[in-house]
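Take a look at the sequence and the fold, then read on.

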Amino acid sequence: MSDKTELEILEEKKVELINDLAATVTVMEEMWRYHPNNPKKVDIVKEYNVLLQIQKDIEKEIQDLGI
C-alpha cells in the first residue's frame with residue numbers, strides 16, 4: 001500500500017507531464033533549426049559534414065595517443 005496521498009500522486013503526475021512538455025518543446029526547437037519553413041534554416045548536409053570531420057579529428061587524436 002502506498003503512503004502517498006491522492007494529491008501527492010496528482011502533483012507527481014503534473015511534474016512528469018511538465019517535464020515531458022519541456023522535453024517535447026526542446027526537440028521541436030532543435031528540429032525547427034532544419035525545418036524547410038524556417039527562413040534561417042541550417043543546411044543539414046553541411047552540418048552533418050562538419051560533424052563528420054569532427055568525428056575524424058577525434059578518432060585521429062585517439063589513435064595518435066598510442067595507448
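## Overall build

This protein has 2 helices and 0 strands, where helices (H or I, at least four residues) and strands (E, at least two) are DSSP runs numbered from the N terminus. It is a predicted model, in which local features need pLDDT of at least 70 and side-chain atom pairs count only at pLDDT 80 or more, while totals for chains, interfaces and linings use all residues. Residues are numbered from 1 along each chain as its sequence is written, and side-chain values use heavy atoms, with hydrogens and water left out.

How does the radius of gyration stand against that of a compact globule of 67 residues? The protein has 22 Å, whereas such a globule would have a value near 11 Å; the radius is taken over C-alpha atoms, and the globule rule is 2.2 Å times the number of residues to the power 0.38. Along the principal axes, the C-alpha atoms fill a box of roughly 60 × 45 × 10 Å.

## Surface and burial

Buried residues make up 1% of the 67 residues. Here buried means under 20% relative accessible area, exposed means over 50%, and partly exposed lies in between (1.4 Å probe, protein chains only). The accessible surface comes to about 6,600 Å², and 62% of it belongs to carbon and sulfur atoms; these areas come from the Shrake-Rupley method with a 1.4 Å probe, and for residues only the protein chains shown count as cover.

Lys40 sits in the loop between α1 (6-32) and α2. With a relative accessible area of 74%, Lys40 is exposed. Its C-alpha atom is separated by 45 Å from that of Leu7, which is 33 residues away along the chain.

Helix α2 covers residues 44-65 and includes Ile54, a partly exposed residue at 42% relative accessibility.

## Charges and salt bridges

The protein carries 9 positive and 15 negative charges, and their mean positions are 10 Å apart. Lys and Arg count as positive and Asp and Glu as negative, with His and the chain ends not counted; the place of a charge is NZ of Lys, CZ of Arg, CG of Asp or CD of Glu. Side chains of opposite charge can pair when their charged atoms come close.

The structure holds 3 salt bridges, each a side-chain nitrogen of Lys or Arg within 4 Å of a carboxyl oxygen of Asp or Glu. Glu12 pairs with Lys4, their closest N and O atoms being 2.8 Å apart; Glu12 is partly exposed at 35%, and Lys4 is partly exposed at 40%. Arg33 pairs with Glu30, with closest N and O atoms 2.9 Å apart. Arg33, at 31%, counts as partly exposed, as does Glu30 at 39%.

Asp64 is exposed at 52%, while Lys60 is partly exposed at 48%.
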